[in-house]
Amino acid sequence: MMAVLQHAVPVATLIFVVSSMVAMGLGLTVSEITAPLRNVRLVGMSLLANFVLMPVTAVLLARVLRLDEPFTVGLLLLSVAAGAPFLPKLAQLAKGDVAFAVALMVVLMVITVGYLPVILPMLLPGVTVKPAEIAKSLVVMMLLPLAVALAVRAKLAGAAAAAQPWFNRLSSLGLVAVTLLVVVVNFKNVLSVFGTGAILAGLSFVAIGYGVGWALGGPNASTRPVLGLGTAQRNIAAAFVVAGQNFSNPNVVVMVVVVANVGLLILLPLARRLATSG
């Protein structure tokens with residue numbers, strides 16, 4: 001039974017990510033997505049939060065909590081991997097600026113592909129990163145479906161408007177499935193790290209990420225929570241690719257899983273809370 005659930009996780013994730021990208025693309029135009037990127041200060045603060053302050057946060061947490069080396073490596077991997085596919089859905093749940101969320105996700109994801117091979121060997125000597133492997137999965141799962149949906153929206157606005165609610169429902173069901181499957185499949189792995197400081201590190205990392213993003217998100221109430229959510233939720237897919245290529249110790253992947261679980265369990269209810277309080 002557990003083997004079946006394990007195989008179901010990537011399937012549910014694929015359904016969620018692709019349907020989310022299609023739903024966002026059917027509801028937005030290219031100009032709506034690119035408009036937030038004209039705010040140079042906001043873009044700069046987004047890059048600072050995700051590619052400078054989050055790696056610094058990971059290093060400090062690892063030292064303060066005296067994490068074992070594999071857990072430290074997992075946390076560092078996540079700290080330099082930005083552009084989470086969950087961000088647009090979280091922004092939608094929070095009733096934030098969805099166009100900014102999509103633009104932010106794309107920018108962070110593209111930069112991550114070039115940033116990881118440069119910064120990781122500095123943080124973790126001996127690590128090699130294959131940008132093509134990361135880029136391939138992100139392009140196929142995220143950028144391609146988004147581009148196709150944007151093209152449909154531009155050429156067939158009526159059809160896009162009719163189809164979008166169905167893809168929204170599918171992405172919501174996919175999100176529920178991914179959340180439940182990830183928790184169930186990795187329950188023993190999460191339990192195994194109790195007492196190591198890994199869970200506290202994950203909780204702190206996610207909380208600090210949200211706080212950093214919110215603080216740097218500017219005066220606009222619709223962008224602050226989006227940058228908070230986008231900084232707290234890391235690019236798990238990219239972290240898994242690098243972990244699988246470079247590390248044999250299973251606790252590296254376990255740490256990525258722990259933070260993934262913690263992130264979903266904290267940020268999903270937080271997004272809903274933000275919607276009701278806004």
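**Close-up 1. Lysine 95 in the loop between helix H5 (87-93) and H6.** In this predicted model, local features need pLDDT of at least 70 and side-chain atom pairs count only at pLDDT 80 or more, whereas totals for chains, interfaces and linings use all residues. Residues are numbered from 1 along each chain as its sequence is written, and side-chain values use heavy atoms, with hydrogens and water left out. Helices are DSSP runs of H or I with at least four residues, and they are numbered from the N terminus. Although lysine 95 is not a glycine, its phi is positive, at about 60 degrees. Lysine 95 has a relative accessible area of 67% and is therefore exposed (exposed means over 50%, buried under 20%, and partly exposed in between, with a 1.4 Å probe and protein chains only). Alanine 94 is found in the loop between H5 and H6, but alanine 94 is buried, with a relative accessible area of 8%. With residues up to four places away in sequence not counted, alanine 94 touches Leu229, Ala271, Leu274 and Ala275 (a contact means heavy atoms within 4.5 Å).

**Close-up 2. Arginine 66 in the loop between helix H3 (40-64) and helix H4 (69-79).** The phi of arginine 66 is near 50 degrees, which is a positive value in a residue other than glycine. The relative accessible area of arginine 66 is 73%, so this residue counts as exposed.

**Close-up 3. Threonine 112, a residue of helix H6.** Because its relative accessibility is 0%, threonine 112 counts as buried. The side chain of threonine 112 reaches the backbone oxygen of leucine 108 at 2.7 Å (a polar contact is a pair of N or O atoms within 3.5 Å; within protein, one must be able to donate a hydrogen and the other to accept it, and residues adjacent in sequence count only if both atoms are side-chain atoms). When neighbours within four places in sequence are left aside, the residues in contact with threonine 112 are Phe51, Val80, Ala81, Ala82, Pro117 and Ala238.

**Close-up 4. Threonine 223 in the loop between helix H10 (198-216) and helix H11 (224-232).** Threonine 223 has a relative accessibility of 7% and therefore counts as buried. A polar atom of the threonine 223 side chain lies 2.9 Å from the backbone oxygen of glycine 217.

**Close-up 5. Helix H7 (residues 131-155) and its kink centred on valine 139.** The 25 residues of H7 reach 33 Å from the first C-alpha to the last, close to the 36 Å expected at 1.5 Å a residue (the expected span is 1.5 Å times one less than the number of residues). The kink at valine 139 is about 50 degrees (a bend is the angle between axes fitted to the seven residues ending at a residue and the seven starting there). The buried residues of H7 are Ile134, Leu138, Met142, Pro145, Leu146, Ala149 and Leu150, and they pack against helix H1 (2-27), helix H2 (30-34), helix H6 (98-123) and helix H12 (236-246).

**Close-up 6. Helix H1, with a bend at alanine 8.** This bend in H1 is about 25 degrees, and proline 10 follows within four residues. The end C-alpha atoms of H1 are 37 Å apart, which agrees with the 38 Å that its 26 residues should span at 1.5 Å a residue.

**Close-up 7. The largest pocket, with a volume of about 580 Å³.** Of the 26 residues that line this pocket, Val9, Thr13, Val182, Ile236 and Phe240 are the closest to its centre. The elements that give two or more residues to the lining are H1, H7, helix H8 (157-185), H12 and helix H13 (250-277), and the largest share, six residues, comes from H1. On a 1 Å grid over the protein atoms alone, a pocket is an open set of points with protein on both sides within 12 Å along at least five of seven lines, a cavity is a set where a 1.4 Å probe fits but cannot get out, and lining residues have an atom within 4 Å of a point. Points are joined across faces, edges and corners, and a volume is the space filled by probe spheres set on them.

**Close-up 8. The largest cavity, with a volume of about 30 Å³.** The count comes to one cavity of 30 Å³ or more. The lining of the largest cavity is made up of Leu37, Val43, Ser46, Leu47, Phe100, Leu104 and Val107, and the elements that give two or more residues to this lining are H3 and H6.
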